[in-house]
Amino acid sequence: MKRLLEAGNACIAEMDWRDMALVKFCLCAMGMLLGLAVPKRGRKWAALGAAVLFVATYIPLVLRFLPHLGRALSGRED
């Protein structure tokens with residue numbers, strides 16, 4: 001498992017923003033396909049779970065991005 005994680009980290013280190021955008025679109029499409037497969041009676045709970053997961057992952061990502069955004073807008077490079 002450790003080797004797989006190291007390989008993933010090495011791959012991500014070589015990616016630029018375009019490659020990461022493709023990964024994100026791919027994962028979004030996979031999520032949509034899985035969402036379409038949920039039976040009608042379980043869609044409310046699936047949507048709730050997806051919303052909670054989105055918020056739980058989006059907030060830390062934005063918090064990590066804000067310092068970079070501040071530096072970019074102020075013209076500083078550290």
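In this predicted model, aspartate 16 and arginine 18 form a salt bridge in which the closest N and O atoms are 3.0 Å apart, and the count of salt bridges comes to 1. Side chains of opposite charge can pair when their charged atoms come close. Aspartate 16 counts as partly exposed, with a relative accessibility of 32%, and arginine 18 is likewise classed as partly exposed, at 49%.

A search of the whole structure for aromatic pairs returns 1, formed by phenylalanine 54 and tyrosine 58, whose rings are stacked with a centre-to-centre distance of 5.1 Å and an angle of 20° between the planes. Because phenylalanine 54 and tyrosine 58 are 4 residues apart in helix H3, which spans residues 43-74, about one helical turn separates them. Tyrosine 58 has a relative accessibility of 45% and therefore counts as partly exposed.

Phenylalanine 54 and tyrosine 58 also belong to the lining of the largest pocket, together with Lys24, Leu27, Ala50, Leu53, Thr57 and Leu61. This pocket has a volume of about 290 Å³, and its lining draws at least two residues from each of helix H2 (17-37) and H3, with H3 supplying the largest share, 6 residues. By class, the lining comprises 6 nonpolar, 1 polar and 1 charged residues.

The second largest pocket, which holds about 240 Å³ of space, is lined by Leu61, Val62, Arg64, Phe65 and His68, and these lining residues divide into 3 nonpolar, 1 polar and 1 charged.

Conventions
Residues numbered from 1 in each chain as written. Predicted model: local features only at pLDDT ≥ 70, side-chain atom pairs only at ≥ 80, totals over all residues. Heavy atoms only, no water. Phe/Tyr/Trp six-rings, centres within 6.5 Å; stacked < 30°, edge-to-face > 60°. Buried < 20%, exposed > 50% of the residue type's maximum accessible area, 1.4 Å probe, protein only. Salt bridge = Lys/Arg side-chain N within 4 Å of Asp/Glu carboxyl O. 1 Å grid on protein atoms, 1.4 Å probe; cavity = no way out; pocket = protein on both sides within 12 Å on 5 of 7 lines; lining within 4 Å. Points joined across faces, edges and corners; volume = space filled by probe spheres on them. Nonpolar A, V, L, I, M, F, W, Y, C, P; charged D, E, K, R; others polar.
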